[in-house]
Amino acid sequence: MEFSPLSVILLLISLFGAERAEAQNYPYLSVQPHGPQIFSGETVTLTCVLPGQIVTDWRYHWYSNNIHLNSSDKHDYIIPNIKTHQSSTYRCCWYYKYAEGHYGCSADVILTVIERPRASLILALTGQIFSGETVTLTCDIKALTDTQWRYSWYKDDGENPVYSSDWEKQSVSVRESDSGKYTCKGQRRSDSQRSEISDAVTLTVSALPRATLTVEPDSTVFTGESVTLKCEIDTLDGWTYQWKKQNNLHGWSAVSQSVSHTVNSNTVTISGDAVVNRDQYWCRGERHDRPNSSQYSNSVTLSVTALPRATLTVEPDSTVFTGESVTLKCEIQSYSNWRYQWYKGSRRTAVSQSQLNFFTFISSAADQGQYWCRGERAGRPTSSQESNRVYLSVKETPKPELTSSFKGAALIGNPVTLYCELDQSAGWRFYWSKHSQTPESETTTGTHSYTIRSVSVSDGGQYWCRAGRGNPVYYTQYSDALWVNVTGNPKATVSIKPDNQVFRGETVTLRCDIQGSGDTQWTYSWNKNDHPVYPHITTQEISISFIVESDSGKYTCRGERRSDSQRSEISDAVTLTVSAEAQAVLSVSPQSWLTEGDSVTLSCEVRGSSIGWTFSWYRAVPYRQGLTQIKDSRGYFIHCVELISDSSRGSGTNYTLSPAALHHTGVYMCRAERGDPAYHTQSSNPHPLWITGLSPPASLTISPSRSQHFYLDSLSLSCKGQSNSTGWKVRRYTQSVSDCSPSWGSVTGSTCNISFLSTSHTGVYWCESESGGSSSPVNITVHSGAVILDNPVHPVTEGDPLTLRCLYRHTKPSDLTADFYKDGSFLQNQTTGEMTIHTVSKSDEGLYHCKLPEGGESPQSWVSVRGFSVSTGSAADSSLSLVGVCVGVSLTLLFIIVLILLWFYKSNKGNQQNNNQTQPEQSQRGSGAEVSQCGYTPLEAGSAHIYDAVEQANEAADTPSDVTYSEIIISKKKAKNRGKEISAQSSQMDTIYSILQSDKATDSAAGSSDVTYAEIELKKKKKPKEKKEKVSVNADTVYSEVQQNTDRGHVSGLGESAYFIN
């Protein structure tokens, strides 16, 4: 037979492993449970133990008395519910699964199986068992007396033992709840084998006999009564008795024979003086046989009740009068069948006794004294307590005193109460009479007062009273007479400060005045909506310090005279209305956009109220620390304001600026206050004032120069000062006043640049210096749409041309057609996209906008027209030195002007006004130039100030003109044959101004003219053959503005221009 090399190697390994196993501890057979005997019914486990071997490498064979029982890969063999006939010798053999010839067998193990022993339960106590007795339960296992057991007792077939012990006896003090069927069994300590459970034994536990405690006559006893307690036990005999009591002072204690307690077999008698309220008693029986004692009895609590109390009363009163009937009445509320006894003084002998509880007698002086009574009866209680003591006083017939509720005269309509006063008033009825009544018609009352609900004049008069009581009636004497005087009732009046219309948070004072009350002291009561709110106030005024809307209502008051509670008439109702917080409202008259020198009035009023307010005026300024901040209802900052220093210019509700100056440009607010402490309204709505200057100290230049701009375009605003003011900066008003800052623009010197315009930049802009100087304001509108209107940012001078253009954001079409509107009404359609008004007048002022057919509409913009004024020449005031130079250079020109003015003066005699109208036309024809109408007022003789303009034709559109003013003094003529001074209109000479203006195409952006003034004295001619007299009248001064064709201020020759003087 051939073997492969691998087979040989495996065989060698197996042999080597077998040799190693034989070298280990020899295998053996274990038995569980382990013991000399095994009880039938137990489960026996045989285990083949191979020390050091892997159990699963072997196969096991089991033998009993050398008879093969079983073969298995498991190393244990289980015999369930073993029987006695299975007693035998057992062994196991094992075979190695992976090599033949390797096996072994254990030594024989002898199993001895015996019958399971049975336990027996024995009760040591026989007969009836009572609660509290000790019972011994013995668990006896007869077989295997040498075995050590652990015993367990069970009740009513329970799974868990009620007692367990290593001893076979268990002693228990039983109660009725221990009654039941008991069993026991044992468990061998060595191997936990159990015996058979014993047969059940019934344990019956009876309650101990109960003692019953009774009391005679009752557990509730009267003071002084004795009590007998009796203890009874119905079952068995041979009892002796024990007594116990408990009280609040000493706790539990045994009761035995004593002076106060008499013990007799099963009774105890407690004497009357030893009975204590709320003492508790128990009893128990004891005997020599089983049971040795009874249960404790029920408890008895003694309640000690006082004897019924007698009550003594006297009718009609304890104070009576001689000859008056007196009744003594003895009353006992509980029980019946009383016999009554009356006693006087300290004597124990009754002065009267009767089945009736009263006795009556006619009083005399001898009956005066102290009385008391008591009752007696046959049953329990046999007597009552003694009654209270009553002292009976017997006096002579009394005389009442008549008084009234008022002091002085009674007021009509008030209640009046009369009082009939007696020192003894019990049981009396009162009788009232008046001087106009007979005794038979007396008025009777049950009380000592008589009230007239609403007194009138007829109730005045003399009154008496008397009292009576009993049957027959016992009368007092009549009182002295009392006079009642009735007079008129004053009326209360309500006044409210500061006003009937107030606001939440104000302090309101209500005042109640009593008309014609003199020096009377009053207490005041207030009603609101006919319900009392402030009763019995000692002062005329009440203040509500923080009034709210719920305080609104109709208030009335009335006074109550402190001396006698007489009340005035109630006042008429005055309505108090409480509104939400007061709001100041600011308005401007005549308008917000003004020209320097105009008059404007700011009016502040409180909505819904006009009484008692004083006003403060504020101006909005850029935010600075420490200034007053105005916030909205949500607490967000809106404006920063400062109090106007010259607010004294405000009179009442108005603050007037006259004349308005450039530095008045700004946003104004007002607030009102009244009361003490002061109540302040909410600040008013902000209201701007925009003042346009004729010669402002600074100008605001806008680039691009228009008032409307496209969204996201750029804008430059520059301040240029013309005076000594320094620190010019751009300021604006949108939602609030602010200086140019990184939040909305960038600052470079006096220039503010806005790179990307948004609609939030819409507002009014102006320049302001550190010293308070201002430029004229400019209105800027930023439009997010496609169309805007190009219109001038500054006011247009009356007589100048005005051009409006419609601008389109996107690429312009070749033919831009636009519709122009003024104040919402269509003006004209222009195909060029622009509209020109050649000569602007005040009527052209208004709101303009335009529309494009392609779609889009511009916002509206206000075009302001400024009338011509001589103040336009005031700019030359700053260049007086230049004027002097011009006068020196133009002497020849001035001489010609004098000649022309003389000619003008002569030609205008008679009908000065007509020549004023025709002369410009002749001058224009003579010059051959086209002269535009300036719109200036023509010269009029006798006017206070006469202005006229003469324009010289010139095509130099961008060249500024020099203007020369000449002052001409004109002497007056004397009237013929009178020698008096003659004046055309007035006694004083008038001043005439004449402007000589070169006819140039002026541009609104051109510079200002150079102006020269010259004074010329004109003397009046005297009539021939009259004595020369010096003319004493004041000379008129005539100013003539001569505008030359100059180049940058240089004076040109006279031959280059023609001048026309009116």
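This note sets out selected points on the predicted model shown above.

1. The hairpin of E25 and E26. Strand E25 (residues 261–264) and strand E26 (residues 267–270) run antiparallel and are joined by 4 bridges. Asn264 has Thr267, in E26, as its bridge partner. The hairpin has 2 residues between the strands, and Ser265 takes a positive phi near 55 degrees there.

2. An open sheet. Four strands form an open sheet in the order E24-E23-E27-E28, with antiparallel pairing. Strand E24 (251–254) and strand E28 (300–301) stand at the edges; each has a single partner strand, so one side of each lacks a neighbour in the sheet. For E28, the pairing with strand E27 (residues 280–286) is antiparallel and runs over 2 bridges. Within this part of the sheet, Tyr281 stands opposite Val300 of E28. As background, strands of a sheet pair through backbone hydrogen bonds, in either the parallel or the antiparallel sense.

3. Aromatic pairs. The structure holds 24 aromatic pairs. One of them is formed by Phe222 and Tyr335, which are edge-to-face, with 5.9 Å from centre to centre and 70 degrees between the planes. This pair links distant parts of the chain, 113 residues apart: Phe222 belongs to strand E21 (residues 220–222), whereas Tyr335 is in the loop between strand E32 (325–332) and strand E33 (339–344). The two residues may also be described by their accessibility. Phe222 counts as buried because its relative accessibility is 7%, under the 20% limit. Tyr335 is partly exposed, its relative accessible area being 43%. Elsewhere, ring pairs link Tyr340, Trp342, Phe359 and Phe361 into a cluster.

4. Charges over rings. In two places the charged end of an arginine is found over a tyrosine ring. That of Arg91 sits over the ring of Tyr63, at 5.1 Å from the ring centre. That of Arg466 sits over the ring of Tyr431, at 6.0 Å from the ring centre.

5. The surroundings of His709. This residue, His709, lies in strand E68 (residues 708–710). His709 has a relative accessible area of 0% and is therefore buried. Leaving aside neighbours within four places in sequence, the residues in contact with His709 are Ile702, Pro704, Leu715, Leu757, Ile780, Thr781, Val782, His783 and Ile788. For Ile780, the separation from His709 is 71 residues in sequence, while the C-alpha to C-alpha distance is 7.6 Å.

Definitions and conventions
Residues numbered from 1 in each chain as written. Predicted model: local features only at pLDDT ≥ 70, side-chain atom pairs only at ≥ 80, totals over all residues. Heavy atoms only, no water. Pairing = 2+ DSSP bridges. Phe/Tyr/Trp six-rings, centres within 6.5 Å; stacked < 30°, edge-to-face > 60°. Buried < 20%, exposed > 50% of the residue type's maximum accessible area, 1.4 Å probe, protein only. Lys NZ or Arg CZ within 6 Å of the ring centre and 35° of its normal. Contact = heavy atoms within 4.5 Å.
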